[in-house]
Amino acid sequence: MPKISIITVNYNNAEGLEQTIASVISQDLQDFEYLVVDGKSTDGSLEVIERQASFIDTWISEADTGVYQAMNKGIRMATGEYLLFLNSGDVLYDSQVLRAVQEKIDGGKDLYYGNLIFTSQGKEMLREYPEDLRFSYFLERSLPHPGSFIKKDLFERIFYYSEVFKIVSDWEFFICAICKEGMSYEHLNMLISRFDLEGMSNDPKNKAQIEEERRLVIQKHFPAMYEDAMALLKQQKLLNRKDVQMQLKHSKTGRRISMKIAKLLLKLFPEKSKGI
């Protein structure tokens, strides 16, 4: 069975780090590698790491430029065939997850991904991911890094996480790997992790930056689709407004907008239009 490396990136989140480490070392399967990359925290995180050092294969605590530089450090340090990023605050769903995953991963795919429980302020929500991944899906969504097992050599074949972007570099990696490079993937219909929604990618204050970074990614990697993709995003953004949904629910205008979106999808994905 392929070896798995779990990488935990942390910066000044001692409480979340302790929870993450506890979920990893509680696994009933111990045949995996565990790495912790800390950004020279000052909140007691280093003490947490030192206290649990016997359960960690490799760890460092040094300054970095942000989460993606830290994740890239983890990639280079890892020796496993597949990598799972379980950052501080994220926890594995239960103590049998890794055993169940190893029984499903045979090494034949570049990427395996499962489902998550999103957690925020004491509330939980199940997030299931699709079996079939398309460009239209990635326009607004992504895959979960705490639920995705990525072949390490995929980063060599495509690219490491961009350290220029602050928020969307994992999304850039997934959309390019699947929609541009055609890498193979498989959905694992099982819960992998509980994902902490308190991170920067889910902060409403970062919405404008996320949209701008995603726009730059599409412009860079998919220039022929750029104008149509932006038009589709604009239509989807309009339709996602609750007031617009209410007004257009049974109107002729609503049907016209739906037809316009269908035409854009047909233009973007003519060979798969029936399934979109």
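Modeller: Buried means under 20% relative accessible area, exposed means over 50%, and partly exposed lies in between. R157, with a relative accessible area of 43%, is therefore partly exposed. Please keep in mind that this is a predicted model.

Colleague: Which residue does R157 meet in a salt bridge?

Modeller: The side chains of R157 and D153 meet, at 3.1 Å from N to O. Both residues lie in helix α6, four residues apart, which is about one turn of the helix. D153 has 39% relative accessibility, so D153 also counts as partly exposed. A network of salt bridges links D110, D153 and R157.

Colleague: How many salt bridges does the count come to?

Modeller: The count comes to eight. One of them joins R194 and E124, with the closest N and O atoms 3.0 Å apart. That pair links distant parts of the chain, 70 residues apart: R194 is in strand β9 (residues 185–196) and E124 in strand β7 (residues 123–127).

Colleague: Is E124 buried or exposed?

Modeller: E124 is exposed, because its relative accessible area is 52%. R194, at 24% relative accessibility, counts as partly exposed. Another salt bridge is formed by the side chains of D132 and R134, at 2.7 Å from N to O. There, D132 counts as partly exposed at 38%, whereas R134 counts as buried at 18%.

Colleague: Let us change topic to the aromatic residues. How many aromatic pairs are found?

Modeller: A search of the whole structure finds 13 aromatic pairs. Among them, F155 and Y160 form a tilted pair, 5.9 Å centre to centre with 50° between the planes. Both F155 and Y160 are buried. Y161 and F173 form an edge-to-face pair, 5.6 Å centre to centre with 65° between the planes.

Colleague: Which parts does the pair of Y161 and F173 tie together?

Modeller: Y161 lies in the loop between α6 (152–157) and α7, and F173 lies in helix α7, so the pair ties together parts that are 12 residues apart in sequence. Both Y161 and F173 are buried. One aromatic cluster is formed by Y68, F85, F155, F159, Y160, Y161, F173 and F174.

Colleague: Which charged end sits over the ring of Y160?

Modeller: That of R76, which is 4.3 Å from the centre of the ring.

Colleague: And how many residues of α7 are buried?

Modeller: Helix α7 (residues 169–180) is mostly covered, with 10 of its 12 residues buried. They include W171, F173, F174 and I178. Just after α7, G182 takes a positive phi of about 70°.

Colleague: What does the side chain of S23 reach?

Modeller: The side chain of S23 reaches the backbone nitrogen of L92 at 3.1 Å. Not counting residues up to four places away in sequence, S23 touches L86, V91 and L92. With a relative accessible area of 10%, S23 is buried.

Methods. Residues are numbered from 1 along each chain as its sequence is written. This is a predicted model: local features need pLDDT of at least 70, side-chain atom pairs count only at pLDDT 80 or more; totals for chains, interfaces and linings use all residues. Side-chain values use heavy atoms; hydrogens and water are left out. Buried means under 20% relative accessible area, exposed over 50%, partly exposed in between (1.4 Å probe, protein chains only). Helices (H or I, at least four residues) and strands (E, at least two) are DSSP runs, numbered from the N terminus. Rings of Phe, Tyr and Trp (its six-membered ring) pair if their centres lie within 6.5 Å; planes under 30 degrees apart count as stacked, over 60 as edge-to-face and the rest as tilted. A charge sits over a ring if NZ of Lys or CZ of Arg is within 6 Å of the ring centre and within 35 degrees of the ring normal. A polar contact is a pair of N or O atoms within 3.5 Å; within protein, one must be able to donate a hydrogen and the other to accept it, and residues adjacent in sequence count only if both atoms are side-chain atoms. Contact means heavy atoms within 4.5 Å. A salt bridge is a side-chain nitrogen of Lys or Arg within 4 Å of a carboxyl oxygen of Asp or Glu.
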